Amino acid sequence: MQRFLLILSVLFSSLFFTQTRLNLIPYPQKVELKTGNFEISGNTLFVGDKKSNEYKYFMDNFKKIYPKNSSENIKKAKPNFISLLLNKDLKTDNKQEFNSNYIINISNEMIMVIGKNPEGLFQGIQTLLQLIKTSEDGKIPALEIQDSPKFQWRGMHLDVSRHFFTVEEVKQYIDYLAMYKLNTFHWHLTDDQGWRIEIKKYPKLTQIGSKRKESMIGAYVDNTFDGKPYGPYFYTQDQIKEVVKYAQERHITVVPEIEMPGHALAALSAYPDLACTKGPFEPATKWGVFDDVFCPKEETFKFLENVLDEVIVLFPSQYIHIGGDECPKTRWKECAHCQELIKKNNMKDEHGLQSYFIQRIEKYVNSKGRKIIGWDEILEGGLAPNAAVMSWTGIKGGVEAAKSGHFAVMTPGSYCYFDHYQGDPATEPNAFGGFTPLDKVYSYNPIPEELNTEQAKYILGVQANLWTEYILDFNHVQYMIFPRLLALSEVGWGTADPKNYKEFEGRVINEFKNLDKMGVNYAKSIYNVSGKVISSENGVAYELSTSQNLDGIRYTVDGTDPSSNSQNYNNPIPVSKSMTVKSAYFENGKLKSAISSQSFTISKTTGKKITLEEKPSENYSFGGAFTLVDGITGNQKQLGKTWLGFNGKDVVATIYFGQKTQFSEVYFNTLDNKGSWIHFAKSAQIFVSENGTDFKLIKEIGKEEILSSQGKIKVNAGSQNSKYIKIKIENAGIIPAGNPGADSKAWLFVDEIGVN
């Protein structure tokens with residue numbers, strides 16, 4: 001009996017916790033619910049420093065929720081108080097003691113928000129505003145919140161070079177960050193496709209570099225252009241000051257990025273003498289990486305120092321972002337000045353020249369009382385003494401920086417690139433590639449496992465990036481950041497709990513009501529039916545899921561669109577033959593989601609055991625090795641979840657049939673998308689084995705055959721009967737000169753490996 005009562009008690013307490021979990025994002029570190037409610041009424045009084053930005057911000061937003069006359073609709077009540085206070089000696093139960101610490105106490109008579117300083121008070125105000133927005137009839141539950149962030153850098157990036165956004169749109173973007181307690185706005189102001197900041201000493205930067213003759217449209221592989229001039233678009237220095245002040249009032253630091261030594265075509269178009277060759281140059285109309293970069297000569301450094309002088313005056317941030325990524329060395333290898341500089345300074349190679357470039361810039365920035373931060377390629381040739389690293393290609397750069405005593409911000413593409421698809425690519429707007437859904441963002445832990453406690457202190461925090469090659473307007477910006485911004489905020493605050501993702505998902509869906517009121521165009525991918533291929537006894541099965549009730553899923557397997565009368569989903573759908581599964585979510589007989597569609601091509605490898613000698617890149621690893629035998633052929637225009645991507649590595653896949661199996665044909669696909677550094681495989685070899693150890697070569701495919709087939713490889717393997725098949729697909733290696741990303745490792749993309 002006692003055991004029964006204990007179980008009952010646990011069940012009730014668990015139910016109570018679930019029901020009383022507040023709709024707050026990011027969720028606070030400590031919440032204690034109490035008895036009673038505070039009731040907002042026409043008699044509610046406000047206490048605080050009425051001249052402070054924090055008080056004004058709260059009142060402006062409060063009035064949006066309760067307009068001037070709304071108090072007439074709330075029953076009269078005795079006076080109560082909302083107090084916004086500062087206490088520099090504030091202590092919380094949390095381990096972190098950052099400036100964002102705050103406490104909220106709510107009783108029947110009073111709401112008291114106490115901040116350690118104005119920043120802490122502002123973060124407390126954001127929590128209070130969320131409580132007010134979600135309250136019913138102005139009633140807010142009595143409680144105590146003690147809160148502070150885990151990470152001091154909680155950032156969001158916006159690329160305005162590929163596509164430009166107005167001052168008012170940038171302010172709106174900053175408002176979104178403030179609402180969810182992010183505190184860093186990384187403003188990507190220069191790139192090959194456009195220079196977006198006024199530099200008074202160099203007017204040609206905006207006269208010439210802020211416009212381009214046309215823009216690429218559609219999928220990159222289509223190589224199509226709109227034929228329309230773009231620009232001139234740039235921010236004046238007065239506009240920059242306006243944005244910086246606006247952000248400061250919301251306790252957000254604006255970190256400017258001035259790209260160097262690569263991504264410099266817009267600048268070189270204006271001042272071609274800064275290049276290794278004579279030009280002429282023009283701002284890029286394509287996306288990608290280009291060989292023409294800043295030449296490390298004295299006039300270049302003088303130019304960049306003068307530019308940075310004006311940038312530093314405009315931006316009071318501790319860090320200045322200097323890019324440092326994706327700098328091809330092609331021009332430097334061919335440049336007599338560069339080669340003489342390498343020889344004169346006893347550098348090993350052009351990577352040493354990259355380090356020399358970054359260290360010179362860092363020394364200058366340090367002389368102005370600031371620090372540099374750059375993408376993880378600034379590690380090439382040795383990291384500048386005081387530089388911080390923004391780790392984007394994975395976590396390796398951040399780990400290396402932290403282990404050597406340098407600060408790092410974690411922003412790996414596999415979790416933090418919001419230009420990736422967030423739902424089924426077939427139902428989403430065109431995106432850069434990759435697959436980064438809400439749950440994946442939420443699962444990210446910015447502290448790499450490789451770091452010990454002392455090294456982990458060098459991880460400043462986390463940031464997500466929004467590159468805008470395929471994002472033409474602010475409506476699309478909203479779509480790509482929401483709701484993933486909500487997951488990022490909770491990761492950065494340190495209260496994300498991937499084990500309870502469904503609970504977070506419920507809070508996100510509740511938050512959609514507020515986004516609707518704000519007119520935000522958020523992605524509704526969370527409502528869509530998503531599919532996952534799983535292994536089954538007879539090959540594979542297709543497992544469907546949704547954030548809603550599974551009972552609402554309807555599906556078909558004959559290629560027709562599902563209706564409310566279609567098959568109800570209960571269990572994973574067996575896929576024993578080639579077919580197309582279409583699915584959707586219905587509520588009360590009405591379609592509530594997009595229709596998802598997945599086609600399967602079944603072969604003798606489908607669902608079989610597969611191993612890879614090298615792991616794919618995290619950015620392109622959805623489903624792991626099983627992706628190559630899941631029956632799904634990759635879409636060549638959408639680098640989403642159907643491809644595996646390998647950077648500089650060969651694919652060596654071994655498939656075990658389970659028994660001796662006859663086959664005569666082998667097929668697989670590889671991609672060519674040079675603008676994204678993706679190249680066709682150089683060669684392929686096919687082996688068979690009886691024991692999984694001793695393999696016999698049965699077929700070799702050369703580069704010419706791969707090129708002539710446009711990457712869609714189908715090979716006559718002769719009559720075979722074996723238990724194992726192994727395929728080695730050779731990476732193209734180092735990208736040759738004349739191609740985007742020259743001298744860098746090529747990417748190899750592979751999809752389904754099948755045999756018939």
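## Talking through the barrel and its surroundings

Modeller: Start with the barrel: 8 strands close up in the order S7-S8-S13-S14-S15-S16-S17-S20, with parallel pairing. Ignoring direction, neighbouring strands of this sheet are turned by 30° against each other on average. Keep in mind that this is a predicted model, where local features need pLDDT of at least 70, side-chain atom pairs count only at pLDDT 80 or more, and totals for chains, interfaces and linings use all residues. Residues are numbered from 1 along each chain as its sequence is written, and side-chain values use heavy atoms, leaving out hydrogens and water.

Colleague: How do you know that strand S17 and strand S20 pair?

Modeller: Two strands pair if DSSP finds at least two bridges between them. Strands are DSSP runs (E, at least two residues) and helices are too (H or I, at least four), numbered from the N terminus. S17 (residues 408-410) and S20 (residues 459-464) have 3 bridges, in the parallel sense, so they meet the rule of at least two. One you can look up is Met410, whose bridge partner in S20 is Val462.

Colleague: And what makes strand S26 and S28 a pair?

Modeller: S26 (residues 579-587) and S28 are joined by 5 bridges, and they run antiparallel. Lys582, for instance, has Ser597 in S28 as its bridge partner. S28 (residues 596-600) also has two faces: Ser596, Gln598 and Phe600 are on the covered one, Ser597 and Ser599 on the uncovered one.

Colleague: Why is Thr184 called buried?

Modeller: Buried means under 20% relative accessible area, exposed means over 50%, and partly exposed is in between (1.4 Å probe, protein chains only). Thr184 has 5% relative accessibility, so it counts as buried. Thr184 lies in strand S8. Setting aside residues up to four places away in sequence, Thr184 touches Trp153, Arg154, Gly155, Met156, Leu177, Ile252, Thr253 and Val255, where contact means heavy atoms within 4.5 Å.

Colleague: What makes the link between the side chains of Thr184 and Asn183 a polar contact?

Modeller: A polar contact is a pair of N or O atoms within 3.5 Å; within protein, one must be able to donate a hydrogen and the other to accept it, and residues adjacent in sequence count only if both atoms are side-chain atoms. This one joins two side chains at 3.1 Å, so it is inside the 3.5 Å limit.

Colleague: Why is helix H10 described as roughly perpendicular, rather than roughly parallel, to H11?

Modeller: The axes of H10 (residues 336-344) and H11 (residues 350-367) come within 10 Å and cross at roughly 85°. That makes H10 roughly perpendicular to H11, since 65 to 115 degrees counts as perpendicular, under 35 as roughly parallel, over 145 as roughly antiparallel and the rest as oblique. In the contact, Cys338, Gln339, Leu341 and Ile342 of H10 meet Glu350, Leu353 and Tyr356 of H11.

Colleague: What makes helix H16 largely enclosed?

Modeller: In H16 (residues 474-481), 7 of the 8 residues are buried, so the rest of the structure largely encloses it. Those buried residues are Phe474, His476, Val477, Gln478, Tyr479, Met480 and Ile481. They pack against strand S7 (153-159), helix H4 (167-179), strand S18 (420-421) and helix H17 (484-493). At the start of H16, a side-chain oxygen of Asp473 comes within 3.3 Å of the backbone nitrogen of Asn475.

Colleague: Now the loops. Is Ser593 buried or exposed, and how do you know?

Modeller: Ser593 has a relative accessible area of 9%, so it is buried. Ser593 sits in the loop between strand S27 (590-591) and S28, and its side chain reaches the backbone nitrogen of Tyr585 at 2.9 Å.

Colleague: And Asn588: buried or exposed?

Modeller: Exposed, at a relative accessible area of 78%. Asn588 is in the loop between S26 and S27, and has a positive phi, near 55°, in a residue other than glycine.

Colleague: Which class does Thr277 get?

Modeller: Partly exposed, with a relative accessible area of 32%. Thr277 is in the loop between helix H7 (265-270) and helix H8 (298-314).

How values were computed: Axes fitted to C-alpha atoms, helices over the stretch in contact; angles between N-to-C directions.
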